[in-house]
Number of protein chains: 2
Amino acid sequence: MTRGTRAEQRERTRQALVRESRRLFATLGYGAVGLSEIVRAAGVTKGALYHHFSSKAELFRAVLEQVQEEVAERIAETADAREDTWEQLISGCQAFLTVSTDPVIQRIMLVDGPAVLGWSEWRAMNETTSGRHLAQVLGDLIEEGTIIAQPVEPLTHLLSGAMNEAALWLAASKDPADLDDTQKALVAMLQALRVT
Amino acid sequence: MTRGTRAEQRERTRQALVRESRRLFATLGYGAVGLSEIVRAAGVTKGALYHHFSSKAELFRAVLEQVQEEVAERIAETADAREDTWEQLISGCQAFLTVSTDPVIQRIMLVDGPAVLGWSEWRAMNETTSGRHLAQVLGDLIEEGTIIAQPVEPLTHLLSGAMNEAALWLAASKDPADLDDTQKALVAMLQALRVT
DNA sequence: TCCTTCACGTACTGAAGGTACGTGAACTTT
DNA sequence: AAAGTTCACGTACCTTCAGTACGTGAAGGA
(Lines give C-alpha, C1' and ligand atoms only; values in the text may rest on other atoms or scores of the structure.)
Protein backbone atom coordinates (compact mmCIF):
# COMPACT_ATOMS: atom_id res chain seq x y z
CA MET A 1 0.00 0.00 0.00
CA THR A 2 2.80 2.43 0.77
CA ARG A 3 3.66 4.43 -2.34
CA GLY A 4 6.85 6.12 -3.51
CA THR A 5 10.04 6.63 -1.59
CA ARG A 6 10.25 6.41 2.15
CA ALA A 7 10.73 10.14 2.68
CA GLU A 8 7.69 10.91 0.53
CA GLN A 9 5.49 8.53 2.44
CA ARG A 10 6.71 9.93 5.73
CA GLU A 11 5.83 13.43 4.66
CA ARG A 12 2.40 12.41 3.40
CA THR A 13 1.54 10.75 6.68
CA ARG A 14 2.74 13.67 8.70
CA GLN A 15 0.79 16.14 6.62
CA ALA A 16 -2.36 14.02 6.84
CA LEU A 17 -2.07 13.97 10.62
CA VAL A 18 -1.54 17.73 10.82
CA ARG A 19 -4.34 18.44 8.37
CA GLU A 20 -6.95 16.27 10.04
CA SER A 21 -6.04 17.23 13.58
CA ARG A 22 -6.14 20.86 12.59
CA ARG A 23 -9.66 20.42 11.30
CA LEU A 24 -10.80 18.54 14.39
CA PHE A 25 -9.04 20.82 16.89
CA ALA A 26 -10.61 23.84 15.22
CA THR A 27 -14.15 22.50 15.22
CA LEU A 28 -14.28 20.63 18.53
CA GLY A 29 -11.42 22.09 20.55
CA TYR A 30 -8.23 20.41 21.75
CA GLY A 31 -9.73 18.73 24.78
CA ALA A 32 -12.72 17.27 23.02
CA VAL A 33 -10.72 15.53 20.30
CA GLY A 34 -9.33 12.06 20.96
CA LEU A 35 -6.25 10.68 19.30
CA SER A 36 -8.27 7.75 18.01
CA GLU A 37 -10.50 10.18 16.16
CA ILE A 38 -7.51 11.88 14.61
CA VAL A 39 -5.77 8.76 13.41
CA ARG A 40 -9.01 7.39 12.00
CA ALA A 41 -9.56 10.58 10.00
CA ALA A 42 -5.96 10.52 8.80
CA GLY A 43 -6.21 6.88 7.80
CA VAL A 44 -3.35 5.73 10.02
CA THR A 45 -2.89 4.30 13.51
CA LYS A 46 -1.60 5.59 16.79
CA GLY A 47 1.71 3.94 16.08
CA ALA A 48 2.17 6.30 13.17
CA LEU A 49 1.15 9.32 15.21
CA TYR A 50 3.63 8.61 17.98
CA HIS A 51 6.31 7.93 15.42
CA HIS A 52 5.93 11.53 14.22
CA PHE A 53 4.93 13.36 17.39
CA SER A 54 6.01 12.68 20.94
CA SER A 55 2.65 13.67 22.46
CA LYS A 56 -0.77 15.08 21.72
CA ALA A 57 0.47 18.52 22.73
CA GLU A 58 3.36 18.25 20.26
CA LEU A 59 0.91 17.47 17.49
CA PHE A 60 -1.05 20.55 18.49
CA ARG A 61 2.15 22.52 18.43
CA ALA A 62 2.78 21.52 14.82
CA VAL A 63 -0.75 22.57 13.91
CA LEU A 64 -0.41 25.91 15.68
CA GLU A 65 2.88 26.52 13.92
CA GLN A 66 1.24 26.02 10.56
CA VAL A 67 -1.69 28.28 11.43
CA GLN A 68 0.56 31.06 12.69
CA GLU A 69 2.73 30.94 9.60
CA GLU A 70 -0.33 31.30 7.43
CA VAL A 71 -1.62 34.25 9.44
CA ALA A 72 1.77 35.95 9.38
CA GLU A 73 2.01 35.45 5.65
CA ARG A 74 -1.41 36.88 4.94
CA ILE A 75 -0.73 39.92 7.11
CA ALA A 76 2.69 40.50 5.63
CA GLU A 77 1.43 40.40 2.10
CA THR A 78 -1.12 43.09 2.93
CA ALA A 79 1.24 45.28 4.91
CA ASP A 80 4.21 44.98 2.57
CA ALA A 81 2.11 46.37 -0.26
CA ARG A 82 2.35 49.76 1.44
CA GLU A 83 5.38 51.97 1.21
CA ASP A 84 4.81 54.14 4.23
CA THR A 85 5.67 52.47 7.53
CA TRP A 86 2.71 54.02 9.29
CA GLU A 87 0.35 52.70 6.65
CA GLN A 88 1.95 49.28 7.04
CA LEU A 89 0.97 49.33 10.69
CA ILE A 90 -2.61 50.37 9.98
CA SER A 91 -3.18 47.93 7.14
CA GLY A 92 -1.41 45.13 9.01
CA CYS A 93 -3.67 45.60 12.03
CA GLN A 94 -6.74 45.66 9.85
CA ALA A 95 -5.57 42.54 8.04
CA PHE A 96 -5.12 40.78 11.36
CA LEU A 97 -8.65 41.61 12.44
CA THR A 98 -9.98 40.29 9.16
CA VAL A 99 -7.92 37.11 9.08
CA SER A 100 -8.53 36.28 12.73
CA THR A 101 -12.26 36.17 12.24
CA ASP A 102 -11.81 32.66 10.87
CA PRO A 103 -13.01 30.27 13.60
CA VAL A 104 -10.18 27.88 12.79
CA ILE A 105 -7.67 30.51 13.74
CA GLN A 106 -9.73 31.62 16.71
CA ARG A 107 -9.91 28.33 18.48
CA ILE A 108 -6.42 27.04 17.75
CA MET A 109 -4.41 30.23 17.89
CA LEU A 110 -6.24 32.34 20.43
CA VAL A 111 -8.16 30.05 22.76
CA ASP A 112 -6.47 26.66 23.03
CA GLY A 113 -2.95 27.79 22.17
CA PRO A 114 -2.07 29.44 25.48
CA ALA A 115 -3.81 26.77 27.54
CA VAL A 116 -2.25 23.75 25.83
CA LEU A 117 1.31 24.98 25.46
CA GLY A 118 1.34 27.47 28.32
CA TRP A 119 1.28 31.20 27.81
CA SER A 120 5.04 31.73 27.65
CA GLU A 121 5.56 29.11 24.95
CA TRP A 122 2.61 30.44 23.04
CA ARG A 123 4.07 33.92 23.26
CA ALA A 124 7.45 32.68 22.09
CA MET A 125 5.85 31.11 19.03
CA ASN A 126 4.00 34.32 18.25
CA GLU A 127 7.22 36.23 18.56
CA THR A 128 8.77 34.26 15.75
CA THR A 129 5.86 34.78 13.35
CA SER A 130 3.15 37.44 13.25
CA GLY A 131 4.16 39.04 16.53
CA ARG A 132 7.56 39.84 15.14
CA HIS A 133 6.11 41.94 12.36
CA LEU A 134 4.17 44.10 14.77
CA ALA A 135 7.16 44.68 17.02
CA GLN A 136 9.29 45.40 13.96
CA VAL A 137 6.93 48.00 12.55
CA LEU A 138 6.43 49.69 15.91
CA GLY A 139 10.19 49.78 16.42
CA ASP A 140 10.69 51.36 13.02
CA LEU A 141 8.05 53.98 13.69
CA ILE A 142 9.67 54.94 16.97
CA GLU A 143 13.06 55.09 15.32
CA GLU A 144 11.87 57.30 12.49
CA GLY A 145 10.15 59.57 14.97
CA THR A 146 6.59 58.94 13.89
CA ILE A 147 5.65 57.46 17.24
CA ILE A 148 6.53 58.99 20.58
CA ALA A 149 9.75 57.52 21.96
CA GLN A 150 9.02 54.70 24.41
CA PRO A 151 9.83 51.02 25.05
CA VAL A 152 8.52 48.83 22.24
CA GLU A 153 7.53 45.73 24.18
CA PRO A 154 4.71 47.13 26.35
CA LEU A 155 3.20 48.73 23.29
CA THR A 156 3.42 45.52 21.31
CA HIS A 157 1.67 43.49 23.97
CA LEU A 158 -1.05 46.06 24.53
CA LEU A 159 -1.84 46.22 20.84
CA SER A 160 -1.65 42.51 20.08
CA GLY A 161 -3.79 41.77 23.12
CA ALA A 162 -6.33 44.35 22.05
CA MET A 163 -6.53 42.84 18.59
CA ASN A 164 -6.73 39.26 19.80
CA GLU A 165 -9.65 40.02 22.07
CA ALA A 166 -11.34 42.18 19.46
CA ALA A 167 -11.02 39.40 16.89
CA LEU A 168 -12.66 36.91 19.22
CA TRP A 169 -15.49 39.31 19.88
CA LEU A 170 -15.96 40.13 16.23
CA ALA A 171 -16.26 36.48 15.31
CA ALA A 172 -19.12 36.10 17.78
CA SER A 173 -20.87 39.33 16.91
CA LYS A 174 -23.81 39.52 14.54
CA ASP A 175 -23.71 43.15 13.47
CA PRO A 176 -21.44 43.61 10.42
CA ALA A 177 -20.90 47.21 11.47
CA ASP A 178 -18.92 45.98 14.47
CA LEU A 179 -15.85 45.34 12.36
CA ASP A 180 -15.86 48.88 11.08
CA ASP A 181 -16.44 50.34 14.53
CA THR A 182 -13.60 48.29 15.98
CA GLN A 183 -11.18 49.29 13.26
CA LYS A 184 -12.07 52.95 13.75
CA ALA A 185 -11.52 52.72 17.50
CA LEU A 186 -8.24 50.89 16.96
CA VAL A 187 -6.97 53.45 14.48
CA ALA A 188 -7.95 56.22 16.88
CA MET A 189 -5.87 54.57 19.57
CA LEU A 190 -2.95 54.18 17.20
CA GLN A 191 -3.18 57.82 16.23
CA ALA A 192 -2.65 58.71 19.87
CA LEU A 193 0.84 57.28 19.65
CA ARG A 194 1.93 59.69 16.94
CA VAL A 195 3.98 62.74 17.73
CA THR A 196 1.87 65.83 17.20
CA MET B 1 -17.41 12.80 61.87
CA THR B 2 -19.84 15.18 60.25
CA ARG B 3 -20.33 18.27 62.38
CA GLY B 4 -23.18 20.74 62.75
CA THR B 5 -26.27 21.05 60.65
CA ARG B 6 -26.61 19.58 57.18
CA ALA B 7 -26.46 22.93 55.36
CA GLU B 8 -23.30 23.86 57.25
CA GLN B 9 -21.59 20.63 56.38
CA ARG B 10 -22.64 20.95 52.76
CA GLU B 11 -21.16 24.42 52.57
CA ARG B 12 -17.92 23.36 54.23
CA THR B 13 -17.42 20.53 51.78
CA ARG B 14 -18.17 22.74 48.82
CA GLN B 15 -15.80 25.42 49.98
CA ALA B 16 -13.06 22.89 50.61
CA LEU B 17 -13.45 21.56 47.06
CA VAL B 18 -13.37 25.04 45.55
CA ARG B 19 -10.45 26.12 47.71
CA GLU B 20 -8.25 23.11 46.99
CA SER B 21 -9.07 22.91 43.30
CA ARG B 22 -8.37 26.61 42.97
CA ARG B 23 -4.95 26.08 44.46
CA LEU B 24 -4.21 23.08 42.24
CA PHE B 25 -5.62 24.60 39.06
CA ALA B 26 -3.57 27.73 39.62
CA THR B 27 -0.29 25.96 40.22
CA LEU B 28 -0.52 23.05 37.78
CA GLY B 29 -3.16 24.12 35.28
CA TYR B 30 -6.59 22.65 34.66
CA GLY B 31 -5.47 19.80 32.43
CA ALA B 32 -2.70 18.60 34.69
CA VAL B 33 -4.87 18.25 37.78
CA GLY B 34 -6.80 15.03 38.34
CA LEU B 35 -10.04 14.80 40.26
CA SER B 36 -8.48 12.23 42.56
CA GLU B 37 -5.85 14.77 43.50
CA ILE B 38 -8.50 17.37 44.26
CA VAL B 39 -10.69 15.17 46.42
CA ARG B 40 -7.67 13.89 48.33
CA ALA B 41 -6.60 17.46 49.09
CA ALA B 42 -10.13 18.40 50.12
CA GLY B 43 -10.45 15.33 52.32
CA VAL B 44 -13.52 13.94 50.58
CA THR B 45 -14.27 11.47 47.79
CA LYS B 46 -15.41 11.72 44.20
CA GLY B 47 -18.93 10.99 45.33
CA ALA B 48 -18.94 14.27 47.23
CA LEU B 49 -17.47 16.15 44.31
CA TYR B 50 -20.10 14.93 41.87
CA HIS B 51 -22.81 15.65 44.40
CA HIS B 52 -21.83 19.32 44.29
CA PHE B 53 -20.61 19.73 40.71
CA SER B 54 -21.85 18.00 37.59
CA SER B 55 -18.43 17.85 35.95
CA LYS B 56 -14.81 18.87 36.28
CA ALA B 57 -15.51 21.88 34.07
CA GLU B 58 -18.34 22.96 36.38
CA LEU B 59 -15.99 22.82 39.32
CA PHE B 60 -13.58 25.00 37.39
CA ARG B 61 -16.44 27.36 36.64
CA ALA B 62 -17.13 27.79 40.34
CA VAL B 63 -13.47 28.53 40.95
CA LEU B 64 -13.33 31.04 38.12
CA GLU B 65 -16.44 32.74 39.44
CA GLN B 66 -14.82 33.20 42.82
CA VAL B 67 -11.60 34.54 41.30
CA GLN B 68 -13.43 37.01 39.08
CA GLU B 69 -15.51 38.31 41.94
CA GLU B 70 -12.38 38.95 43.95
CA VAL B 71 -10.73 40.78 41.08
CA ALA B 72 -13.82 42.88 40.43
CA GLU B 73 -14.04 43.77 44.08
CA ARG B 74 -10.43 44.82 44.35
CA ILE B 75 -10.71 46.96 41.24
CA ALA B 76 -13.98 48.53 42.30
CA GLU B 77 -12.65 49.50 45.69
CA THR B 78 -9.75 51.31 44.03
CA ALA B 79 -11.84 52.98 41.35
CA ASP B 80 -14.74 53.97 43.56
CA ALA B 81 -12.39 55.93 45.78
CA ARG B 82 -12.19 58.49 42.97
CA GLU B 83 -14.84 61.10 42.35
CA ASP B 84 -14.05 61.93 38.74
CA THR B 85 -15.23 59.35 36.24
CA TRP B 86 -12.12 59.72 34.12
CA GLU B 87 -9.92 59.09 37.11
CA GLN B 88 -12.00 56.04 37.91
CA LEU B 89 -11.11 54.64 34.50
CA ILE B 90 -7.41 55.32 34.90
CA SER B 91 -7.14 54.02 38.43
CA GLY B 92 -9.33 51.01 37.61
CA CYS B 93 -7.11 50.03 34.71
CA GLN B 94 -4.00 50.43 36.80
CA ALA B 95 -5.57 48.35 39.55
CA PHE B 96 -6.36 45.61 37.06
CA LEU B 97 -2.78 45.48 35.86
CA THR B 98 -1.56 45.22 39.43
CA VAL B 99 -4.06 42.61 40.57
CA SER B 100 -3.68 40.46 37.46
CA THR B 101 0.00 39.97 38.09
CA ASP B 102 -0.95 37.27 40.59
CA PRO B 103 -0.16 33.92 38.93
CA VAL B 104 -3.31 32.41 40.42
CA ILE B 105 -5.42 34.89 38.53
CA GLN B 106 -3.29 34.56 35.43
CA ARG B 107 -3.65 30.85 34.95
CA ILE B 108 -7.26 30.45 35.97
CA MET B 109 -8.78 33.64 34.65
CA LEU B 110 -6.72 34.42 31.59
CA VAL B 111 -5.22 31.20 30.28
CA ASP B 112 -7.40 28.23 31.17
CA GLY B 113 -10.69 30.09 31.45
CA PRO B 114 -11.41 30.59 27.76
CA ALA B 115 -10.15 27.13 26.82
CA VAL B 116 -12.08 25.18 29.43
CA LEU B 117 -15.41 26.98 29.23
CA GLY B 118 -15.14 28.27 25.69
CA TRP B 119 -14.52 31.90 24.86
CA SER B 120 -18.16 33.01 24.71
CA GLU B 121 -18.99 31.61 28.14
CA TRP B 122 -15.83 33.07 29.55
CA ARG B 123 -16.76 36.42 28.08
CA ALA B 124 -20.25 36.20 29.50
CA MET B 125 -18.83 35.60 32.97
CA ASN B 126 -16.49 38.56 32.63
CA GLU B 127 -19.41 40.71 31.56
CA THR B 128 -21.16 40.09 34.86
CA THR B 129 -18.15 40.98 37.02
CA SER B 130 -15.07 43.08 36.25
CA GLY B 131 -15.94 43.55 32.58
CA ARG B 132 -19.15 45.29 33.50
CA HIS B 133 -17.33 47.98 35.42
CA LEU B 134 -15.15 48.84 32.45
CA ALA B 135 -18.10 49.04 30.06
CA GLN B 136 -20.00 51.08 32.62
CA VAL B 137 -17.26 53.66 33.08
CA LEU B 138 -16.61 53.94 29.35
CA GLY B 139 -20.31 54.39 28.73
CA ASP B 140 -20.50 57.12 31.36
CA LEU B 141 -17.51 58.91 29.88
CA ILE B 142 -19.07 58.90 26.44
CA GLU B 143 -22.35 60.12 27.84
CA GLU B 144 -20.79 62.97 29.75
CA GLY B 145 -18.83 63.94 26.65
CA THR B 146 -15.36 63.22 27.99
CA ILE B 147 -14.74 60.53 25.41
CA ILE B 148 -15.48 60.91 21.71
CA ALA B 149 -18.92 59.52 20.86
CA GLN B 150 -18.65 55.94 19.56
CA PRO B 151 -20.01 52.42 20.23
CA VAL B 152 -18.96 51.21 23.67
CA GLU B 153 -18.50 47.52 22.98
CA PRO B 154 -15.57 47.61 20.55
CA LEU B 155 -13.75 49.97 22.87
CA THR B 156 -14.39 47.74 25.86
CA HIS B 157 -13.02 44.66 24.14
CA LEU B 158 -9.98 46.43 22.77
CA LEU B 159 -9.08 47.76 26.19
CA SER B 160 -9.79 44.65 28.20
CA GLY B 161 -7.87 42.55 25.68
CA ALA B 162 -4.95 44.94 25.85
CA MET B 163 -4.87 44.77 29.62
CA ASN B 164 -5.23 40.98 29.75
CA GLU B 165 -2.29 40.44 27.45
CA ALA B 166 -0.24 43.10 29.16
CA ALA B 167 -0.89 41.49 32.53
CA LEU B 168 0.32 38.12 31.28
CA TRP B 169 3.43 39.68 29.89
CA LEU B 170 4.13 41.67 33.03
CA ALA B 171 3.91 38.57 35.18
CA ALA B 172 6.61 36.92 33.07
CA SER B 173 8.84 39.97 32.81
CA LYS B 174 11.84 40.55 35.04
CA ASP B 175 12.31 44.30 34.75
CA PRO B 176 10.22 46.14 37.40
CA ALA B 177 10.17 49.17 35.10
CA ASP B 178 7.96 47.26 32.68
CA LEU B 179 4.87 47.86 34.80
CA ASP B 180 5.45 51.57 34.75
CA ASP B 181 6.14 51.63 31.02
CA THR B 182 2.99 49.66 30.32
CA GLN B 183 0.82 51.90 32.45
CA LYS B 184 2.24 54.97 30.72
CA ALA B 185 1.55 53.51 27.28
CA LEU B 186 -1.95 52.50 28.34
CA VAL B 187 -2.76 55.93 29.73
CA ALA B 188 -1.47 57.50 26.52
CA MET B 189 -3.84 55.33 24.53
CA LEU B 190 -6.70 56.23 26.82
CA GLN B 191 -5.92 59.92 26.45
CA ALA B 192 -6.41 59.53 22.72
CA LEU B 193 -10.07 58.81 23.33
CA ARG B 194 -10.72 62.15 24.99
CA VAL B 195 -12.29 65.01 23.14
CA THR B 196 -9.75 67.74 22.62
C1' DT C 1 21.76 -11.35 -1.66
C1' DC C 2 22.03 -10.20 2.84
C1' DC C 3 21.65 -7.03 6.41
C1' DT C 4 20.08 -2.80 8.42
C1' DT C 5 16.92 0.91 8.92
C1' DC C 6 12.67 2.80 9.62
C1' DA C 7 7.73 3.88 9.03
C1' DC C 8 4.40 2.20 10.60
C1' DG C 9 0.48 -1.54 12.80
C1' DT C 10 -1.04 -4.32 16.88
C1' DA C 11 -1.91 -5.13 21.50
C1' DC C 12 -1.71 -3.61 25.76
C1' DT C 13 -1.54 -0.49 30.23
C1' DG C 14 -2.47 2.94 33.84
C1' DA C 15 -5.02 6.67 34.84
C1' DA C 16 -8.48 9.74 33.79
C1' DG C 17 -13.44 11.47 34.06
C1' DG C 18 -17.80 9.88 35.03
C1' DT C 19 -21.75 6.77 36.93
C1' DA C 20 -24.76 3.47 39.71
C1' DC C 21 -25.84 2.39 43.87
C1' DG C 22 -25.47 1.79 48.82
C1' DT C 23 -25.51 4.04 53.66
C1' DG C 24 -26.16 6.49 57.62
C1' DA C 25 -27.09 10.71 59.75
C1' DA C 26 -30.07 14.87 59.58
C1' DC C 27 -34.59 16.59 58.98
C1' DT C 28 -39.85 15.97 58.58
C1' DT C 29 -44.19 14.01 59.68
C1' DT C 30 -47.62 11.97 62.46
C1' DA D 1 -40.85 9.91 69.95
C1' DA D 2 -41.24 6.61 66.48
C1' DA D 3 -41.52 6.05 61.75
C1' DG D 4 -40.60 7.68 57.25
C1' DT D 5 -38.09 10.73 54.03
C1' DT D 6 -34.31 13.40 52.34
C1' DC D 7 -29.80 14.11 51.32
C1' DA D 8 -24.70 14.43 51.65
C1' DC D 9 -21.69 11.66 50.90
C1' DG D 10 -18.65 6.84 50.26
C1' DT D 11 -17.74 2.60 47.43
C1' DA D 12 -17.22 0.04 43.45
C1' DC D 13 -17.24 0.08 38.90
C1' DC D 14 -17.24 1.45 33.81
C1' DT D 15 -15.54 3.64 29.66
C1' DT D 16 -12.35 6.21 27.35
C1' DC D 17 -8.24 8.41 27.07
C1' DA D 18 -3.09 9.31 26.23
C1' DG D 19 0.81 6.75 26.04
C1' DT D 20 4.00 2.40 25.47
C1' DA D 21 6.20 -2.08 24.09
C1' DC D 22 6.95 -4.73 20.60
C1' DG D 23 6.31 -6.91 16.19
C1' DT D 24 6.55 -6.49 10.86
C1' DG D 25 7.44 -5.76 6.31
C1' DA D 26 9.07 -2.88 2.80
C1' DA D 27 12.89 0.52 1.45
C1' DG D 28 17.62 1.38 1.19
C1' DG D 29 22.59 0.26 1.54
C1' DA D 30 26.57 -3.31 1.25
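Me: What makes the approach of K56(B) to DNA strand C a polar contact?

Reply: In this predicted model, a polar side-chain atom of K56(B) lies 2.9 Å from a phosphate oxygen of DNA strand C. A polar contact is a pair of N or O atoms within 3.5 Å, so the pair formed by K56(B) and the phosphate oxygen qualifies. Two or more residues of the surface near DNA strand C come from each of α1 (6–28) and α3 of chain A, and from each of α2 (35–42) and α3 of chain B.

Me: Which residues are closest to DNA strand C, and what makes a residue count as near?

Reply: A residue is near when one of its heavy atoms lies within 4 Å of the strand. DNA strand C is surrounded by 20 residues, the closest being T45(A), T5(B), L35(B), K46(B) and Y50(B).

Me: Why is the space lined by L110(A) and L110(B), among others, called a cavity?

Reply: A cavity is a set of points where a 1.4 Å probe fits but cannot get out, and by this rule the count comes to one cavity of 30 Å³ or more. The largest cavity holds about 250 Å³ of space, and its lining takes at least two residues from each of α6 (103–117), α7 (119–128) and α9 (152–172) in chain A, and likewise from α6 (103–117), α7 (119–128) and α9 (152–172) in chain B. Its lining residues divide into 12 nonpolar, four polar and two charged.

Me: What makes the area between chain A and chain B buried?

Reply: Buried area is the accessible area that two parts lose on being put together, summed over both, so the figure of about 2,700 Å² covers both chains. Carbon and sulfur atoms carry 76% of that area. Within chain B, W119(B), L158(B) and M189(B) lose the most area to chain A, together 25% of what that side buries.

Conventions:
Residues numbered from 1 in each chain as written. Chains lettered and ligands numbered in written order. Predicted model: local features only at pLDDT ≥ 70, side-chain atom pairs only at ≥ 80, totals over all residues. Heavy atoms only, no water. 1 Å grid on protein atoms, 1.4 Å probe; cavity = no way out; pocket = protein on both sides within 12 Å on 5 of 7 lines; lining within 4 Å. Points joined across faces, edges and corners; volume = space filled by probe spheres on them. Helix = DSSP H or I, 4+ residues; strand = E, 2+ residues; numbered from the N terminus. Nonpolar A, V, L, I, M, F, W, Y, C, P; charged D, E, K, R; others polar. Buried area = accessible area lost by both parts, 1.4 Å probe. Polar contact = N/O pair within 3.5 Å; in protein donor to acceptor, adjacent residues only side chain to side chain.
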